[in-house]
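Hi,

Here is the structure I promised to hand over. My notes follow it.

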Amino acid sequence: MSGNFKIRAFIVLGCLVLALAALGPTLLGNSTPDWWQKAFDPIHLGLDLQGGMHLVLGVDVDKAVESRLDTIADQAEELLREKDIIFKRVDREAGERLVVTVYDEEAGRQVDALITEMFPDLEPLTLVTDGAYILKNFRLSDREIAAVEEYAVRQALETLRNRVDQFGVSEPVLQRQADNRILIQLPGVKDPERAIDLLGKTALLEFKMVVEDANPQEALKGNLPPGAQVLYERNIDPRTGAVTENPIVVESKTVLTGDLLADANVRISNQFNEPYVSIDFNAVGAKRFDQITAANVGNRMAIVLDDTVYSAPVIRERISGGSAQISGSFTEQEATDLAIVLRAGSLPAPVNILENRTVGPSLGQDSINKGIYSVLIGGVLVILAMLAYYRLSGLVANTVLILNLVFIMAMLSIFKATLTLPGIAGIVLTVGMAVDANVLIFERIREELRIGRTAKAALDAGYSKAFLTIIDANVTTLIAALVLFQFGTGPVKGFAVTLTVGILASLFTAIFVSRLIFDFFLRRGQVNRLSI
Amino acid sequence: MQLIKPDINLDFVGKRKLAAIFSVALILIGLASLVIKGGPNYGIDFEGGSLVQVQFGRDTDAGEIKTALEGLNLGSFVVQHFGDEPNEFLIRIQDTGSGKTMAQSITANLEATYGEGQVDVRRVEMVGPQVGKDLRQKGLLAILYAMIGILAYVTWRFEFRFAIGAIVALVHDVLITLGVFSLFGKEIDLPIIAAFLAIIGYSLNDTIIVYDRIRENFGKHQKTGFLTVVNRSINETLSRTVLTSGTTLLVVLSLFIFGGGVIHNFAFALLVGIMIGTYSSIFVASPVLIFWEDYRSGKKKLAKEGGAA
């Protein structure tokens, strides 16, 4: 028995030392030596306690599929022309379809042959005739749609990670979730509005030629020249800061896109002392830019970002250096952010903010204070109640209760779990429930004493009889906590974590440690009376 | 110290019909409130919408805030006190539009009324309708899964009839807590689901301890009637039930009073749930065993008579 006692005492002391070691960096802060801080992280606080931003972005994958089809349509058109196949038009239509309109069946057969050869991802659908024309319908295969969607989400995650990295937040979290969603957590972010701006922007940079002979007002009424679209040009009055938007007619076809960029930087123009963004194309982009400018001298080229025209300068001469500038009366902040998103690359599809939870640091600190306060008050009340009810044995229960709290905190630190406000509530709850195990044991011991057992026998019987009850009762709570853990996000998960950890810690302290303390006192002398 | 005398023998089981009436009445009142109010009062987590928490430099009231926000075209919105701070408010807006511009324009409008630097936006939450729907579904599933898991465990450790009793008690607890929430007009959001699961766990904790004693006493006193065994078991564990519920209530009460506005509703749910859970482990879970037994023996008798005829 005494050898057994020593082993148990050793285990408990070992756990205590480990727990205190793990809590060092949390309690003592930066005054702990480096090696210590490296071994154990301070307890990680959730966004609701330290302040920060929790965003869920949905990637609009349908748009990615549409733009894939647009690309295919462009390529198909070009190939058909190259092969001298006579066709009227190539359109993208709803239901992931591509429709080639031809005049006769001979051309239809040629289209079929070409599409089958060059675009294996397109599946032919039934042929429809429309008056004198034949409409050849093709549908993007499910496999290709899935692949495009998958790529869009992965690419979006990559791009967002680049942007977050440049934004400068410590320990950001970016995670892919089901249903094409991306979770982003930015702890302690100072300017949440700017973060949303930066992350939510598609940053699709396009260059389109302006249709000079079209009247924007007529176009708005629906008299659009074929292959053209109306966009709005953004103008900011430098003195008043008022934003005006003027319609401008451009060709639908994009001549160059931002994915050929090599770099983007903020510069200040000498002339107006205004910030602008200077962009440099990579080799391919530079060559394309060179060709386009050479072919369009004297015309205007619209610089379009996310369907807004920032400027539409006249091409005065062929530009072969591969660099251009986007000016558009920016503030310095806007220009910086624009450079960041251009460098980080555009999102393959637009993203929508599906969920946004932002907690300011002052509220977080309030929550921490109030949480600690309520744990302390609740704890003291329970300690007093146990002392009054069970006297010296209550003292044993209280000792283990405090140990229990130490172990919970230590486990949070060791498992790098996140402490949230509901998590603190979970700790409060476990404090209440942790004494339950001891109450069960003590009530049993009282019962055994009442039927006339000796102190030692009553203690043995009390512990062994209560043991299974305690296990059964706690496993069920554990089941609830585990389900919660699976389902929960953020704060709720924090509750599940502390509840789980709390149950485990209370089982250990209430059954194992409290027994050890009793044994310590009963071991030597013949104790005949238990103070219970 | 002893609150409960060791030889206490209250007739809990004899009051089972009365208790059943009481429980059913509570549930019906809750359900009626739910029906009248057109379902649970979901927070933005489950319904979608936006929430802005603002602290002002001086005390103010909801009317003044509403007036300040009038020109904004926010659609329908509600202004309510946060916790019991006289200068802190929650503005809940149905619209989920763009969280960014909304928070900005709200700040701008409030500053126009209250003065620059007097308005501190402490929290902004926006949940899109789709996410809200997903969360609602997930929350219901979580409660369902927890119940199934518990049913399986109790069936394994005890018997099926005990599991039935436990689940009836759980559904009872959750329904009543839901009803109380509806009666008090409190919002149900994500942390409340966590509170419900904690209630389920806690109530079960209590129930299992009584059941455990019933099982033990059943083995010891096989000659005694089932009813007596159940009643005796409840009495024997009464001291523990009272003490544990008492200590747990103490801490939850402290959370409710001192925990601050963010978890006020959460603590409220726990408070209600723990009281109901304690009641149900005595007056619902155990009597269900008896009702179940009566029902079974009644069926057996019927079957026997049928066979004899």
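The largest nonpolar core has 233 residues. A:L484, B:L197 and B:L270 have the most contacts inside this core. By core I mean a set of buried Ala, Val, Leu, Ile, Met, Phe, Trp, Tyr and Cys residues joined through C-beta atoms within 7 Å. Buried means that 20 or more other C-beta atoms lie within 10 Å of a residue's own; exposed means 12 or fewer, and partly exposed is in between, with C-beta atoms placed from the backbone. A:L484 touches residues of both chains: A:V492, A:F495, A:A496, B:A142, B:A194 and B:L197, leaving out residues up to four places away in sequence. Contact here means C-beta atoms, placed from the backbone, within 7 Å.

**Ground rules**

This is a predicted model, where local features need pLDDT of at least 70 and side-chain atom pairs count only at pLDDT 80 or more, while totals for chains, interfaces and linings use all residues. Residues are numbered from 1 along each chain as its sequence is written, and chains are lettered from A and ligands numbered from 1 in the order in which they are written.

**Chain B against chain A**

58 residues of chain B are in contact with 58 residues of chain A. On the chain B side, the elements giving two or more residues are α4 (99–114), β4 (119–127), α5 (129–157), α7 (190–220), α9 (238–258) and α10 (264–283). Helices (H or I, at least four residues) and strands (E, at least two) are DSSP runs, numbered from the N terminus. That side of chain B divides into 33 nonpolar, 16 polar and 9 charged residues. Nonpolar covers Ala, Val, Leu, Ile, Met, Phe, Trp, Tyr, Cys and Pro; charged covers Asp, Glu, Lys and Arg; the others, Gly among them, are polar.

Chain B has domain 1 (13–41 + 131–308) and domain 2 (49–127). These bounds come from an automatic or database domain assignment. The two domain centres, taken over C-alpha atoms, are 40 Å apart.

**A sheet across both chains**

8 strands form an open antiparallel sheet, in the order β8(A)-β9(A)-β2(A)-β19(A)-β4(B)-β1(B)-β3(B)-β2(B). Strands pair if DSSP finds at least two bridges between them. β8 (173–177) of chain A and β2 (77–81) of chain B stand at the edges with a single partner strand each, so one side of each lacks a neighbour in the sheet. The twist averages 20° from one strand to the next. Axes are lines fitted to C-alpha atoms, for helices over the stretch in contact; angles run from 0 to 180 degrees between N-to-C directions.

Where do the chains join? β19 (351–359) of chain A pairs with β4(B) over 5 antiparallel bridges. There, A:V359 stands opposite B:R123. β19(A) also pairs with β2 (52–59) of chain A, over 8 bridges. Helix α11 (361–414) of chain A lies across β19 of chain A and β1 (49–56) and β4 of chain B, at about 90° to β4(B).

**A sheet in chain A**

3 strands form an open antiparallel sheet, ordered β14-β15-β18. β14(A) and β15 (275–281) of chain A share 7 bridges. A:L261 has A:F281 as its bridge partner. Their hairpin has 6 residues between the strands, and A:N273 takes a positive phi near 55°. β15(A) pairs with β18(A) over 4 bridges. 5 of the 7 residues of β15(A) are buried, so this strand is largely enclosed by the rest of the structure.

Best wishes

Definitions and conventions:
Contact = placed C-beta atoms within 7 Å.
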